[in-house]
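Here is a short report on a ligand and its surroundings. Look over the sequence and the model before reading on.

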Amino acid sequence: MNFIDQKFPSLRFRRTRKNEKIRNLVSETSLSANDFIWPLFICNGNNVEQDVPSMPGVKRRSIDRLVNAASEAFDLGIPAICLFPYTEQSKKTEDCAEAWNPDNLSNKATRAIKKEIPELVVMSDVALDPYNINGHDGFVENGKIVNDKTVEALVKQALSQAEAGSDVIGPSDMMDGRIGAIRSALEENGHSEVSIMSYAAKYSSSFYGPFRDAVGATGALTGDKKTYQMDIANSNEALRLVARDLKEGADMVMIKPGMPYLDICRRVKDTFGAPTFAYQVSGEYSMLSGAFEKGWLDRNKIIIETLMAFKRSGCDGILTYFAPEAAKLLK
Ligand code: PBG
C-alpha cells in the first residue's frame, strides 16, 4: 500500500468520520443478508420445536417447522441454509448406513424445502458423525479412524444428498482425498451443477461442544478428532489444505471455527482469491449468548460487529446461527 507522506494538520482522519453519511461513503466493507448461510438442526416428528440448552435461542425442528423457518429466512433475503440432523440413538451404527439412506432426515428435509422454496440454496453436511455409534466422522477400526474406506462411504452420502436436491455438498469430515472422490462421483452421476463447499481448514476445536449437544453426538464421541481435524497451532497447513481441495474440485472453501481464526481467513483469501467462507460455530454463538443474557454485551451491536469482522477479514460469507436475527437488524 502506498502511504502518502502527509502529516497533521493536513492529515486529519476525523474529517472522514464526522457524520454517518461520510462514514458510509468511505467504508471499506459491507454486510448484508446476502452474506449469510443459516445452519439448521432437524429432528423427527410433526410440529416439534426443541430447545438446545447450550445454545439459547437455537432449536431443533421437525421438517414441517423447518420448512417454515427456511421460508422466513428466504423472505429476509438469506440465500442459503445448511442442514444438520439430530439422529436417534437407534439409527447410530458402526456401519453408518443411515448416512446414505435416501430417506434419512437430512434428505427428507432437503426434498421438502426444495419443493416449497426451490430458489433457497440448500447445503448438506457430509461426515459420518451423526450416524456413527462412536461419534467419529469416519469409520473406526481397531481404535483408528480409517481414511479410504470412509471416503467411499462419504461419496455414497454425498450422492444421496445430491439426489435429494442439495445444491451444495459440505464435506466436514477432514478425510484425505474426499473432495476429488466426491467431485468425480457427482460428475459421473449427472450432478455437474452441484457445488462443493469444502470444510478445508477445519481445526480440532473445543468450540464445537454445543453443536455436539444439538445433534446428539456428545455422549457418543470416544476420544478426540485430532487425527483428522487440524492442529490449532498451524497456519501454513491451512493454506496447503485449501490448495489441495481447490485442485481436487472444491468450488468454495471454509475456515472453521470463525472468530478465533480470522488470521487464517485473511491468508486464504489473499493467497487464493477463491470464494471463502467461515463458520461462526456453536461455541462462539454460546459464548456470545451467555454474555448477552448476563447483560454484559450489547446483543444487536455485537452480532453485527462479529459478522462485519468476517467480511473485513476477506470472507465472502459466513455460516452463522445469528443469520435471521442479523438479517432483520440489517434491514
Ligand atoms: C461434524 C460437524 C461439526 C460441526 C459441523 N459439522 C462438529 C465436529 O466436527 O465435531 C460443528 C459446527 C458448530 O460447532 O457449530 N462433522
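Where does the ligand sit? The ligand sits in the largest cavity. A cavity is a set of points, on a 1 Å grid over the protein atoms alone, where a 1.4 Å probe fits but cannot get out. Sitting there means that more than half of the molecule's atoms lie within 2 Å of the grid points.

This is a predicted model, where local features need pLDDT of at least 70, side-chain atom pairs count only at pLDDT 80 or more, and totals for chains, interfaces and linings use all residues. Residues are numbered from 1 along each chain as its sequence is written, and side-chain values use heavy atoms, leaving out hydrogens and water.

**The shell**

The ligand is surrounded by 17 residues (a heavy atom within 4 Å). Lys202, Arg212, Lys256, Ser282 and Tyr321 are the closest. By class, the shell holds seven nonpolar, three polar and seven charged residues.

Taken alone, the ligand exposes 400 Å² (Shrake-Rupley method, 1.4 Å probe). The protein buries 100% of that.

**Ser205**

Ser205 lies in the loop between β9 (195–202) and α6 (209–214). Strands are DSSP runs (E) of at least two residues, and helices (H or I) of at least four. The side chain of Ser205 reaches the backbone nitrogen of Phe207 at 2.9 Å.

Methods. On a 1 Å grid over the protein atoms alone, a cavity is a set of points where a 1.4 Å probe fits but cannot get out, and a pocket is an open set with protein on both sides within 12 Å along at least five of seven lines; lining residues have an atom within 4 Å of a point. Ala, Val, Leu, Ile, Met, Phe, Trp, Tyr, Cys and Pro count as nonpolar, Asp, Glu, Lys and Arg as charged, and the others, Gly among them, as polar. A polar contact is a pair of N or O atoms within 3.5 Å; within protein, one must be able to donate a hydrogen and the other to accept it, and residues adjacent in sequence count only if both atoms are side-chain atoms.
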